[in-house]
Amino acid sequence: MTRDSRASATRPLASIMRKYYEIMRVSLQSSLVYLYDVVFRALFLVVVIFIFVQLWRTTYGTTGSTMVAGLTLRRMIWYLVLTESIILSRPRKILEISDDVKSGAIAYALGKPYSYILFHYFRFLGETAVRFPVNLAVGGLIASAMVGPMDASLVSLPAVALAVLAAITIDFFLSMAIGLLAFWVEDTTAFFWIYEKMLFTIGGMLVPLEIFPPLLQRISRALPFNLVVYGPARLLVDFSLDGFVGLMVRQVVWGVMLLAVAHIVFWFGAKRVSIHGG
Amino acid sequence: MSRRWYGRVWSNARFVVAHLALNLQAAMEYRASFISQIVGMMLNDAIWIFFWFVFFARFKVVKGWEFSDVIMLWAVLTVAYGIATGIFGNALRLSKIIAEGGLDFFLGLPRDVLLSVLVARLNISALGDLLFGLILFVFAGTLTLGGVALFFLVCILAGSVIVSWFVLVNSLAFFMGSSENLSMQMLNALLSFATYPFPIFSGPVRFLLFTLIPAAFIGYVPVMILKGANWWFILGLTAFAVGLGLFARFVFLWGLRRYESGNLVIVRV
């Protein structure tokens, strides 16, 4: 391969990446305009973390144990800070995609020079890049004030950040696949609620999976929901290199599978679009 | 005087029932959406019960509260919330309606403005809450005539507290303009605190939950009444529900004097 042919092969890729980078940048800037709104919404975390501290402080006190599910009270609360931050930072993509399908707006997107799915993915990243740090900061502040700062090693933080990025990517492709079901069922609100509650429960948002009975633990670990919430949070409070590698492998495998599923659903759904002009 | 008062209550009750019937008919036009929202909300509630089931399977008792107490708490909360926002669906959206000048339409009606705006919309998913709460009660409640009557009494009183609280915090829009976020935070705080066992909270927080964020009146107090607490609890809940209702109405009417039309042009079919 000559130097010129290499350049021509990489130029389109670079140009494509630049296009999506710009989409993400614009989305991030738009979110920053409403930073006050984002901060205000994050205050809900103060209530949530406060209630969780009360609940778990009482529970630890009742059991008389310093460890529950292998976590001290402080680590349990920091686990919940991260799970709540991930959940509250997610834009409601299922409803947005569903609205696009219902309103017919998706027909306009089909003719645009970008992938509909990737366009929304990079917009999603831009929005989450503003919301997540704000939520984490607010949740972290209240947790630090009530149970003390997180005692994680600094080395683990880049690994946790990577796991969070993979987690929200999985969440996005799951949301996209569910939202696109609007091509067939029209109203996906009920699916949205159920998916959210899957993340809350067997995803590990409300409690670590170790608290579940053994059978339920096995089911939860076999499904992708725990990779969105439990995986990164457990890594934060109980870091190990083996745990990180294992989580990344599962996240990548599920991420690729869900990317394919979202594209297949989109491909079949887009066939049902009829454009009449006017 | 008493006949006039009685007549007004009766007339308003008929007005609410007529609206409920119309709203239900309209909602059922889209049968699949209607059913999916109800079933979806029931599943949503069931998942919270699942959380508590897992929690109590592991920890059994938390400061005297057992799984059965949490079931009763959720039965009361979901029925109360279902009644409150099912019938008075606009209670949730009142600040948005005020900020966008949407009260114009209701000001021209020959009925009480607050009542008219509240009943103009049915929250379909709240019917899922209502149904779910009733199922929980059938499994966990006292199924005698007295038990059922007491359950509905506390649910109606708790529902009244919920609607009044929603009206109160949403009325901030009269004074602050767009207060949707603040109102939403206050609503979430009320419901979040109410869904957890009250004994986990200590001194100052308990005081807060009986005053500024009256979550105790929609969760803890009704459960205590159903568990056989004395008449003071019933009297206290009744007095608080009536007092908060009157106060919310006063604040709404006070704010209404500051209301400015948005000259919003909308078509109501």
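Predicted model: local features only at pLDDT ≥ 70, side-chain atom pairs only at ≥ 80, totals over all residues.
The contact between the two chains takes 27 residues from chain A and 28 residues from chain B. On the side of chain A that touches chain B, α2 (35-42), α3 (44-63) and α10 (189-200) each supply at least two residues. Of the elements of chain A, α3(A) gives the most to this side, with ten residues. By class, the side of chain A that touches chain B divides into 16 nonpolar, seven polar and four charged residues.

The buried residues of α3(A) are A:F44, A:L45, A:I49, A:F52, A:V53, A:W56 and A:T58. The cover over these buried residues includes α2, α4 and α7 (116-147) of chain A, together with α10 of chain B. After α3(A) comes A:G64, which has a positive phi, near 75 degrees.

Helix α4 of chain A, one of the elements that cover the buried residues of α3(A), comprises residues 73-89. Its 17 residues should span 24 Å at 1.5 Å a residue, and the end C-alpha atoms are 24 Å apart, which agrees. Because 15 of the 17 residues of α4(A) are buried, this helix is largely enclosed by the rest of the structure.

Within chain B, two helix pairs that share α8 were described. Two packed helices are described by the angle between their axes and the distance between the axes. Helix α8 (residues 145-170) of chain B packs with helix α10 (residues 180-194) of chain B at an angle of about 155 degrees, and their axes are 9 Å apart. An angle over 145 degrees counts as roughly antiparallel, so α8(B) is roughly antiparallel to α10(B). The crossing of α8(B) past α10(B) is right-handed. To this contact α8(B) brings B:W165, B:F166, B:V169 and B:N170, while α10(B) brings B:S183, B:M186, B:L187 and B:L190. Six of the residues in the contact of α8(B) with α10(B) are nonpolar and two are polar, with no charged residues.

The second pair is formed by helix α3 (residues 67-87) of chain B and α8(B), which pack at an angle of about 60 degrees with their axes 8 Å apart. The two helices, α3(B) and α8(B), are therefore oblique to each other. They cross in a right-handed sense. On α3(B), the contact is made by B:V76, B:V79, B:A80, B:Y81, B:I83 and B:A84, and on α8(B) by B:V154, B:C155, B:I156, B:A158, B:G159, B:I162 and B:V163. The contact of α3(B) with α8(B) has twelve nonpolar residues, one polar residue and no charged residues.

One of the residues of α8(B) in this contact is B:G159. Because 26 other C-beta atoms lie within 10 Å, B:G159 is buried. Apart from its neighbours within four places in sequence, B:G159 is in contact with B:A80, B:I83 and B:A84. The C-alpha atoms of B:G159 and B:G82 are separated by 7.9 Å, although the two residues are 77 residues apart along the chain.

Residue B:I124 belongs to helix α7 (residues 124-140) of chain B. With 23 C-beta neighbours inside 10 Å, B:I124 counts as buried. When residues up to four places away in sequence are not counted, B:I124 touches B:A27, B:F34, B:Q37 and B:I38. B:I124 and B:M186 are 62 residues apart in sequence, and their C-alpha atoms are 22 Å apart in space. B:M186 is one of the residues of α10(B) in the contact with α8(B).

Two lysines in chain B have positive phi values. B:K60 has a phi of about 65 degrees although it is not a glycine, and phi of B:K63 is near 45 degrees, likewise positive in a residue other than glycine. B:K60 lies in the loop between α2 (31-59) and α3 of chain B, and B:K63 lies in the loop between α2 and α3 of chain B as well. B:K60 counts as exposed, with 11 C-beta neighbours inside 10 Å, whereas B:K63 is partly exposed, with 13 other C-beta atoms within 10 Å.

How values were computed:
Residues numbered from 1 in each chain as written. Chains lettered and ligands numbered in written order. Axes fitted to C-alpha atoms, helices over the stretch in contact; angles between N-to-C directions. Helix = DSSP H or I, 4+ residues; strand = E, 2+ residues; numbered from the N terminus. Parallel < 35°, antiparallel > 145°, perpendicular 65-115°, else oblique. Left-handed = near helix turned anticlockwise from the far one by under 90°. Contact = placed C-beta atoms within 7 Å. Nonpolar A, V, L, I, M, F, W, Y, C, P; charged D, E, K, R; others polar. Expected span 1.5 Å × (residues − 1). Buried ≥ 20, exposed ≤ 12 C-beta atoms within 10 Å, placed from the backbone.
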